[in-house]
Structure formats: structure tokens, C-alpha cells
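Please walk through this fold with me. We begin at one pair of strands, widen to the sheet, and end at a pocket.

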Amino acid sequence: MHPDCERILIPEVEIRAKVVELGRRISKDYAGKELLMIGILKGAMIFLADLVREISVPTRYDFMAVSSYGASSKSSGKVRILKDLACGVEGRHIIIVEDIVDTGLTLNYLAENLNSRDPASVKICTLLDKPSRRIKPVEICYKGFVIPDEFVVGYGLDYSERYRNLPCIMVLNPKVYMNKGE
Ligand code: IMP
């Protein structure tokens, strides 16, 4: 285990099994259709990379980046698009892929934004859900794990750009971020 982490919350083998399960569900639900998976940078990159390989229907993927305000921020709720899609979404079946839904501000905004571009459908897939901190409602169609209100890192999730490459989801030791204004 990483020395900055308190404990393993979700081991690698459980993530793997969940990704396979989600991939099967998505493949079944979208049988006969073509998918556009939209990964939200940077956290969802690893999840998206594993997930698309478990999907058997024709699938494209692209990425968006939005302004991030940290997990415990008292944000105004404004979300800014830093990097938009390279492709159009009109008439396409979209699944937005996120690492974690926390306050819901990011995905509430993104779902609305993408819906306004006339896609055939928009669904949300997230590896982790922290429902206790929700401010804005988010309809999650594909969910990996519901987790308690603790700051987690690994499998794409970071603290100050670190720990993204850890293979499992770990609870970060609060000592790491205490007194740092986060
Ligand atoms: P939301 O808009 O509050 O739902 O925030 C979503 C974003 O906050 C995620 O994409 C993460 O970047 C970040 N975030 C929220 N909770 C955590 C956490 O426990 N660890 C790492 N990042 C987190």
C-alpha cells in the first residue's frame, strides 16, 4: 500500500470485475446502436480505457476537460469547459464517463450542455458515487461503487495530480491535505 494512504477502499480485482460487468450491461443496452463514450479528463482516462475494451458494440471515444475546483471546495457552482469535443454529437448515443460524482455540479452541467447539442441520447457512467455530498441532481445510469464521504485516490483519481497511477482506490491519509487550504 502507498505510505500516504490510510487504507484500500476498493482492490484492483473488484474494480476489474465491476468494469467487466458495466461493459456487459452497456453492450446489452446498446445492441444494434453505435456509441460515443465521452471521458472527462483527467480522472476518467483509466476507467474509460478499461471500460471501452469490455464493450462489444461499435464505440468511439472522445474527451472533454472542465475546470476543477477540488473535492471540498465551496465552489460557486460554475463549471467551465477547458477542452471541448473534437467531434459533433448530433444524433449520437452518448455515455459520459466520469471517475467520481461528488457534488454533482460537473455532471449536472455537462449533461445539460451535451443534451443541448441534439444527441440521440445522453447517459452517465461513473466508477464512484459519493452521494452524501450531492448539491445538484445527477441521474446515474451506470454506477460502479457507492462510497462514503472520504477523499480517495488511485485508478485515475488524484490529489494535486498525484496518485493517479495507483492500481486500486485508496483513502488518502488526511494528513496529506490538512493545512493546505484544500
Ligand atoms: P463534482 O462536480 O463535485 O461531482 O466533482 C467531480 C470531480 O471532483 C471529480 O471528477 C474529481 O475530479 C473531483 N473529486 C471529487 N471527490 C474526489 C475524491 O474523493 N478524490 C479525487 N477527486 C475527487
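Leu35 stands opposite His93 in strand 5. The model is predicted, so local features need pLDDT of at least 70 and side-chain atom pairs pLDDT 80 or more, while totals for chains, interfaces and linings use all residues. Residues are numbered from 1 along each chain as its sequence is written, and side-chain values use heavy atoms, without hydrogens or water.

Strand 2 (residues 35–41) and strand 5 (residues 93–101) pair in the parallel sense over five bridges. Strands here are DSSP E runs of at least two residues, helices H or I runs of at least four, numbered from the N terminus. Pairing requires at least two DSSP bridges.

Six strands form an open sheet in the order 4-3-2-5-6-7, with mixed pairing. Strand 4 (81–83) and strand 7 (142–146) stand at the edges with a single partner strand each, so one side of each has no neighbour in the sheet. Neighbouring strands are turned by 30° against each other on average, direction ignored.

Helix 2 (residues 45–52) packs on the sheet, touching strands 2, 3, 5 and 6. Contact means heavy atoms within 4.5 Å. Its direction makes about 170° with that of strand 3 (59–66). Axes are lines fitted to C-alpha atoms, for helices over the stretch in contact, and angles run from 0 to 180 degrees between N-to-C directions. Helix 3 lies across strands 2, 3, 4, 5 and 6, at about 170° to strand 5.

Helix 3 (105–115) also gives the second largest pocket the largest share of its lining, four residues.
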